[in-house]
Amino acid sequence: MIQFKTIVFQVKRVVDKKISRLRHIINVRKGHFAVYVGVDEEEAKRFVVPISYLNHPLFQALLHQAEDEFGTDHKRKSLTIPCAKDVFIDITSRLKRSKFIRTESN
């Protein structure tokens, strides 16, 4: 009987974790997408970035890095970029500033 309760508890924990991840996937504004960033899957952090970043060479370099690391057919259900979070934040900050500068100069 104790083993059954343990199994039920473990299944509930797994289901709760899956539901939590699905909520993250669903809660993305139009024109944006979610990406997980981190070298270690357990410590990966979720970021929501504009789709326009996909056209920028700096962001494309990150995507190539992910492809080199994981291939194009991997078991993860979300886009994961294997780089340090501070590097990702630095790159996305540069993209945001360059977009703002271009908008201001037009």
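**A pocket, an aromatic cluster and a salt bridge**

By class, the lining of the second largest pocket comprises seven nonpolar, two polar and two charged residues; here Ala, Val, Leu, Ile, Met, Phe, Trp, Tyr, Cys and Pro count as nonpolar, Asp, Glu, Lys and Arg as charged, and the others, Gly among them, as polar. The model is predicted, and local features therefore need pLDDT of at least 70 and side-chain atom pairs pLDDT 80 or more, whereas totals for chains, interfaces and linings use all residues. Residues are numbered from 1 along each chain as its sequence is written, and side-chain values use heavy atoms, with hydrogens and water left out.

The chain contains three helices and three strands, arranged along the sequence in the pattern α-β-β-α-β-α. Helices (H or I, at least four residues) and strands (E, at least two) are DSSP runs, numbered from the N terminus. Of the 106 residues of the chain, 20% count as buried, a term that means under 20% relative accessible area, with exposed over 50% and partly exposed in between (1.4 Å probe, protein chains only).

The pocket named at the outset has a volume of about 190 Å³. A pocket is defined on a 1 Å grid over the protein atoms alone, as an open set of points with protein on both sides within 12 Å along at least five of seven lines, whereas in a cavity a 1.4 Å probe fits but cannot get out; lining residues have an atom within 4 Å of a point. Grid points are joined across faces, edges and corners, and the volume is the space filled by probe spheres set on the points. Eleven residues line the second largest pocket, and Val-49, Pro-50, Tyr-53, Thr-92 and Lys-96 lie nearest its centre. The elements that give two or more residues to this lining are β2 (45-50) and α3 (85-105). Helix α3 gives the most, with six residues.

The aromatic side chains come next. The structure holds four aromatic pairs; rings of Phe, Tyr and Trp (its six-membered ring) pair if their centres lie within 6.5 Å, and planes under 30 degrees apart count as stacked, over 60 as edge-to-face and the rest as tilted. The pair of Phe-33 and Phe-59 is edge-to-face, because the ring centres are 6.0 Å apart and the planes stand at 85 degrees. Phe-33 belongs to strand β1 (residues 32-37) and Phe-59 to helix α2, so their pair ties together parts that are 26 residues apart in sequence. Both Phe-33 and Phe-59 are buried. The rings of Phe-47 and Phe-88, with centres 4.9 Å apart and planes at 50 degrees, form a tilted pair. Since Phe-47 lies in strand β2 and Phe-88 in helix α3, this pair ties together parts 41 residues apart in sequence. Phe-47 and Phe-88 are likewise buried. Phe-33, Phe-47, Tyr-53, Phe-59 and Phe-88 form one aromatic cluster.

A search of the whole structure finds one salt bridge, defined as a side-chain nitrogen of Lys or Arg within 4 Å of a carboxyl oxygen of Asp or Glu. Asp-90 forms a salt bridge with Arg-94, and their closest N and O atoms are 3.1 Å apart. Asp-90 and Arg-94 are four residues apart in helix α3, so about one helical turn separates them. Asp-90 counts as partly exposed because its relative accessibility is 36%, and Arg-94 is partly exposed at 45%.
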